[in-house]
Amino acid sequence: MGKLTGTQVQELHRDHVLQSWGKAGQMAIPVAKAEGIYLYDYEGNKYADMSSLLVCTNLGHDNKEIVAALKEQADWMSFMAPSYATEAKSVLAKKLVDLAGPSFRRVFFTNSGAESNENAIKMARMVTGRTKIFSCYRSYHGATLGASNASGDARRFAAELGGANGFVKFMNPHMYQDGYTRGVDDEVCTNNYLKALEQQIRYEGPNQIAAILMESIVGANGVILPPEGYMEGVRALCDKYGILLIMDEVMAGFYRTGTAFGWQHFDLVPDMITFAKGVTNAYVPLGGVIVNEQISSYFEENVLQCGLTYSGHTLACAVGNACVDYYEAHNIGAHVVEMEAILKDFMETMVEKHACVGEARCIGLFSAFEMVKDKENRVSLVDYNEPNTAMPAIMNQLKEKGFIAFNRDNYVSICPPLTITKEELAEYLPIVDEVFTWVD
Ligand code: PLP
């Protein structure tokens with residue numbers, strides 16, 4: 001344990017840390033311990049972490065098998081530069097390629113999701129000789145300059161000020177917000193969106209478009225499940241116009257949705273996969289880009305103009321190996337599917353019961369409630385880009401009752417560690433019901 005009191009930790013944070021996506025000078029929960037699905041503050045208050053923090057600690061907190069792998073590697077060798085081969089890096093690259101499937105061949109390692117997308121964008125431009133990158137409005141790809149410009153939600157605005165060339169946005173479907181009925185209107189919704197995308201591709205000049213970058217399942221913008229056939233249609237457009245498809249699996253990857261990667265729910269294979277978060281259970285920073293045979297062979301003939309001092313960091317790769325082994329040895333995918341049934345059931349009950357819940361979406365342990373103020377007309381509880389006080393109040397109510405959820409805009413997102421048990425779900429989900437009753 002540390003040497004300071006909780007208050008001292010909070011005050012130092014308040015006075016000296018610039019807070020991500022927040023104003024400096026705020027008091028944050030001082031976390032003294034994290035274990036399983038729980039966080040504990042310095043006073044011993046216990047919170048169920050139903051967010052996996054930023055949807056990244058897929059295997060829970062203080063997972064001893066993973067910590068042991070980190071310690072073992074640190075005792076042997078902590079760091080080697082990217083141009084050297086290490087057992088940890090070579091073995092992890094092979095495991096990731098195997099996890100992605102037979103079309104894939106090599107991995108470029110990074111330290112975060114944003115860096116993974118940055119480097120995938122650079123590679124797509126090098127391989128195709130084209131510059132434009134298409135990405136969705138309803139998306140988030142990271143906060144570095146390029147990844148921010150590729151992101152669609154309002155967090156891109158600060159990065160757009162100075163500009164970065166070649167980023168084009170297209171609108172991706174959100175069946176609920178667009179007024180469609182899931183299971184009834186999928187075909188018409190898919191056709192409308194694909195038609196609009198194809199027109200945009202034509203107007204932007206297909207031979208200038210290097211790649212379409214998309215999340216397989218849009219995460220931070222509300223776990224948006226695409227209509228049937230949409231993702232396959234985007235793949236078909238990529239094939240038609242010689243555009244590469246980069247699938248951002250930073251949040252949806254590593255069994256969050258029940259399969260190793262989110263795109264495996266669709267009948268398609270991307271050209272590149274970007275990943276981070278769950279690969280190391282977030283214990284140490286690691287991300288990367290898994291590339292297919294074609295891209296891989298291009299870089300046998302041409303120099304890869306990408307580099308990071310910490311690419312393939314030895315400690316991070318050792319943790320990555322331990323995590324991939326853990327997912328497989330503990331059959332996490334099958335466990336997620338079992339827990340999904342319980343979570344889905346609960347969410348459907350909440351839609352029926354509460355006026356404030358418009359829709360519930362759930363795939364694996366990746367889920368979101370769409371909060372509304374007028375259910376009949378599907379009017380969101382918050383106006384996009386307007387000051388949002390309703391949602392912080394809901395999140396605060398949940399937190400006061402020991403339940404930490406993930407949130408953005410008008411979504412309450414439940415994304416617990418994938419190791420959560422049915423007993424833990426049964427104990428904590430009723431808190432959501434209580435808080436929604438208070439909102440109603
Ligand atoms: N891509 C997706 C889909 C994400 O959800 C995130 C972060 O939440 C990122 C990229 C950026 O990852 P990082 O914060 O590690 O840069």
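Two strands count as paired if DSSP finds at least two bridges between them. The model shown in every view is predicted.

**View A. Two hairpins built from strands S1, S2 and S3.**
Strand S1 covers residues 31-35 and strand S2 covers residues 38-41; the two run antiparallel and are joined by four bridges. Within this pair, Ala34 stands opposite Leu39 of S2. The hairpin made by S1 and S2 has two residues between its strands, and Gly36, which sits in the turn, has a positive phi of about 60°. Strand S2 also runs antiparallel to strand S3 (residues 46-49), to which three bridges join it. Tyr38 has Ala48 of S3 as its bridge partner, and Tyr40 has Lys46 of S3. In the hairpin of S2 and S3, four residues lie between the strands, and Gly44 in the turn has a positive phi of about 85°.

**View B. The open sheet that contains S1, S2 and S3.**
Four strands make up this open sheet, in the order S1-S2-S3-S14, and their pairing is mixed. Strands S1 and S14 (403-404) are at the edges and have a single partner strand each, so one side of each has no neighbour in the sheet.

**View C. Helix H4 and its buried face.**
Helix H4 runs over residues 87-100, which makes 14 residues. From its first C-alpha to its last it reaches 20 Å, close to the 20 Å expected at 1.5 Å a residue. The buried residues of H4 are Ala88, Lys89, Leu92, Ala93, Leu96, Val97, Leu99 and Ala100. Seen down the helix axis, these buried residues fall within an arc of 160°, so they line one face of H4. On the face turned away from the buried side, H4 carries the exposed residues Ser90 and Asp98. The elements that cover the buried residues of H4 include helices H3 (64-76) and H11 (314-329), along with strands S4 (104-110), S9 (272-275) and S10 (287-292). After H4 comes Gly101, which has a positive phi, near 115°.

Leu99 and Ala260 are 161 residues apart in sequence, yet their C-alpha atoms are 7.0 Å apart in space.

**View E. Strand S9 between S8 and S10.**
In a regular strand, side chains alternate between the two faces of the sheet. Both faces of S9 are covered: Met272 and Thr274 are buried on one side, and Ile273 and Phe275 are buried on the other. Strand S8 (residues 244-248) runs parallel to S9 and is joined to it by three bridges. Strand S10 pairs with S9 in the antiparallel sense, over four bridges. Thr274 takes part in both pairings: Thr274 is the bridge partner of Asp248, and Thr274 also stands opposite Val289 in S10.

**View F. The shell of residues around the ligand.**
The ligand is surrounded by 15 residues, of which the closest are Ser112, Gly113, Ala114, Gly142 and Val250. Helix H5 (residues 113-128) gives the most to this shell, with three residues. By type, the shell has seven nonpolar, six polar and two charged residues.

**View G. Asp62 and Val223, two residues with positive phi.**
Asp62 is not a glycine, but its phi is positive, near 50°. Asp62 lies in the loop between helix H2 (52-55) and helix H3. With 13 other C-beta atoms within 10 Å, Asp62 is partly exposed. Val223 is likewise a residue other than glycine with a positive phi, near 40°. The loop that holds Val223 is the one between strand S7 (209-215) and helix H9 (230-241). Val223 is buried, with 28 other C-beta atoms within 10 Å.

Technical notes:
Residues numbered from 1 in each chain as written. Predicted model: local features only at pLDDT ≥ 70, side-chain atom pairs only at ≥ 80, totals over all residues. Expected span 1.5 Å × (residues − 1). Buried ≥ 20, exposed ≤ 12 C-beta atoms within 10 Å, placed from the backbone. Arc of directions from axis to C-beta. Contact = placed C-beta atoms within 7 Å. Near = placed C-beta within 6 Å. Nonpolar A, V, L, I, M, F, W, Y, C, P; charged D, E, K, R; others polar.
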